[in-house]
Amino acid sequence: MTTSNTRLLTRLAVIPSLLVALVLVAFASPSQAQKVRPEFFGMHDSQIATGATPRVKLGSIRLWDSGTSWRQIETLPGLYDWTGLDAAVAKARAAKLRPLLVLGQTPQFHAENPMAPGAYGDGASSMPRLAAWRAYVTAAATRYGTTVDYQVWNEPNVINYWTGSVAQMAQLTAVTSQAVKAAAGRGATVVAPSFPLRMSGQQSWFKKYWRATSGGKGMASYVDVVAVQLYPLAHEAPEASLKLLAFAKRALPKPARAKPLWNTEINYGLRGGPPAQKIPNAKQAAYVARTLVLNAAGQIHRMYWYAWAQGKIANTHLVQANRTTLTPAGRAWDQVHGWLLGTTIGNCVQAKTGKLKGLYTCTARKSRTEVRRIYWKPSGKAVKLTTNKTTKKWTKLGGKVTKRKGSYVVKVGYSPIMVTSRR
């Protein structure tokens, strides 16, 4: 994603809505439960190299739209200027954030098609000459070793960012993996290209990529991590992303399903150029909270919010224009960080019948004696929920805590609450 409205036109063209059925949905079984680690909480920040780091609780950062692309580093053939990337990596490490470096886009003088149109200039979306690409990746991996993670490309299934073929992206993936592992060591992490999935054409590209081979081997043999971008349509809420996540898991070949899955971009309201339609602060906070919980329950190992102070292209903002004062959504991020960090989250279910129809329940275990259940109802009237007899307290998204032992009734609407109990 870029911060320019015009760069979004191709990606976000109007298409039929993806509907999320109001049925019982299981997102993870107990055997698939994951422990939520600091790196799960990821961010983009265009000023990571020059400004203050984001003021929410994070564990990772994706270096994209941050002055650190290939064409910004290699300004003349064979001449690398690492100043901006060095600063970004140093700032991230000082803040204890794990950097993810996105390795594209192509300098025009290394492009097989120098006039290929792209969001970052002519030739940026082109297949690069492989010798130049290998040299650049080798230089980056030699410089940063295993202190950063390496992503092959951003959004190759979007014409603004890649005009090459599926076969060429498969070849680029193989070369990237070989170069990174040779220069940084086998312990380096190579992340597959990240794919938005909201359009049918994007989904088709995704499937073709994961069926492709290079050197007789499938893509899963070259990467350590699978990456998607779960942006829903502009009018849709966080729950709409679940259908995209389910598609991705179905479409991946078996070897890729065994890899960690990262959601490398997410926000709401993007319309393909015009500013996003505004939504109330309370709804923004609820969207952030639900996004974090659903991604954790969906077995996504890292989730990168796009972006810190991203402007008007999206409708959910964590920080005010001064880049320091948190919005209600920013405070909700920190609240849910506290709810999830260190827990083992096993499943989410949505009630399909009865008085609680539509209610989401997501269960996370903090310890042998503490279970946290996060509830919300995305739309319609709030419902009254009776907690179990071992309840200790419940917490609203705004931070208000009510302590009382034993079963009692709580009202649940679109803003999540967290109920703590012994079992």
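Before I start: when I say helix or strand, I mean a DSSP run, at least four residues of H or I for a helix and at least two of E for a strand, numbered from the N terminus. Also keep in mind that this is a predicted model.

Okay, let's begin with helix H4, which covers residues 166-184. Ser 165 caps its N-terminal end, with a side-chain oxygen 3.4 Å from the backbone nitrogen of Ala 167.

H4 has a partner, and that's helix H3, residues 130-144. Their axes come within 8 Å and cross at roughly 35 degrees, and the crossing is right-handed. On the H3 side, the contact residues include Trp 133, Val 137 and Ala 141. On the H4 side, among them are Leu 172, Val 175, Ala 179 and Ala 183. If you wonder about that spacing, an α-helix has 3.6 residues a turn, so residues three or four places apart point the same way. Sort the H3 and H4 contact by class and you get ten nonpolar, five polar and one charged.

Now to another pair, H8 and H9. H8 is residues 281-297, and its axis comes within 8 Å of the H9 axis, crossing at roughly 30 degrees. Angles under 35 degrees count as roughly parallel, and that makes H8 roughly parallel to H9. The crossing here is right-handed. From H8, residues such as Ala 285, Val 288, Ala 289 and Leu 292 take part, and they meet a set in H9 that includes Ala 329, Trp 333 and Val 336. How many charged residues are in the contact of H8 with H9? There are none; the contact has twelve nonpolar and two polar residues.

One more helix pair: H5, residues 200-211, and H6, residues 241-251. They pack at about 25 degrees with their axes 10 Å apart, and they are therefore roughly parallel to each other. The crossing of H5 and H6 is right-handed. H5 brings Gln 203, Phe 206 and Lys 207, while H6 brings Leu 244, Phe 247, Ala 248 and Ala 251. That contact splits into five nonpolar, one polar and one charged.

Most residues other than glycine have a negative phi, and most peptide bonds are trans. Against that background, look at the bond from Gly 104 to Gln 105, which is cis, with omega near 10 degrees. Gln 105 belongs to the loop between strand E6 and H3. The bond from Tyr 306 to Ala 307 is also cis, with omega near 0 degrees, and Ala 307 falls in the loop between strand E13 and helix H9. And where is Glu 155? You'll find Glu 155 in the loop between strand E7 and H4. Its phi is near 55 degrees, a positive value in a residue other than glycine.

That's my tour. Thanks, everyone.

Technical notes:
Residues are numbered from 1 along each chain as its sequence is written. This is a predicted model: local features need pLDDT of at least 70, side-chain atom pairs count only at pLDDT 80 or more; totals for chains, interfaces and linings use all residues. Side-chain values use heavy atoms; hydrogens and water are left out. Axes are lines fitted to C-alpha atoms, for helices over the stretch in contact, and angles run from 0 to 180 degrees between N-to-C directions. Angles under 35 degrees count as roughly parallel, over 145 as roughly antiparallel, 65 to 115 as roughly perpendicular and the rest as oblique. A crossing is left-handed if the near helix is turned anticlockwise from the far one by less than a right angle, and right-handed if clockwise. Contact means heavy atoms within 4.5 Å. Ala, Val, Leu, Ile, Met, Phe, Trp, Tyr, Cys and Pro count as nonpolar, Asp, Glu, Lys and Arg as charged, and the others, Gly among them, as polar. The expected span of a helix is 1.5 Å times one less than its number of residues. A polar contact is a pair of N or O atoms within 3.5 Å; within protein, one must be able to donate a hydrogen and the other to accept it, and residues adjacent in sequence count only if both atoms are side-chain atoms.
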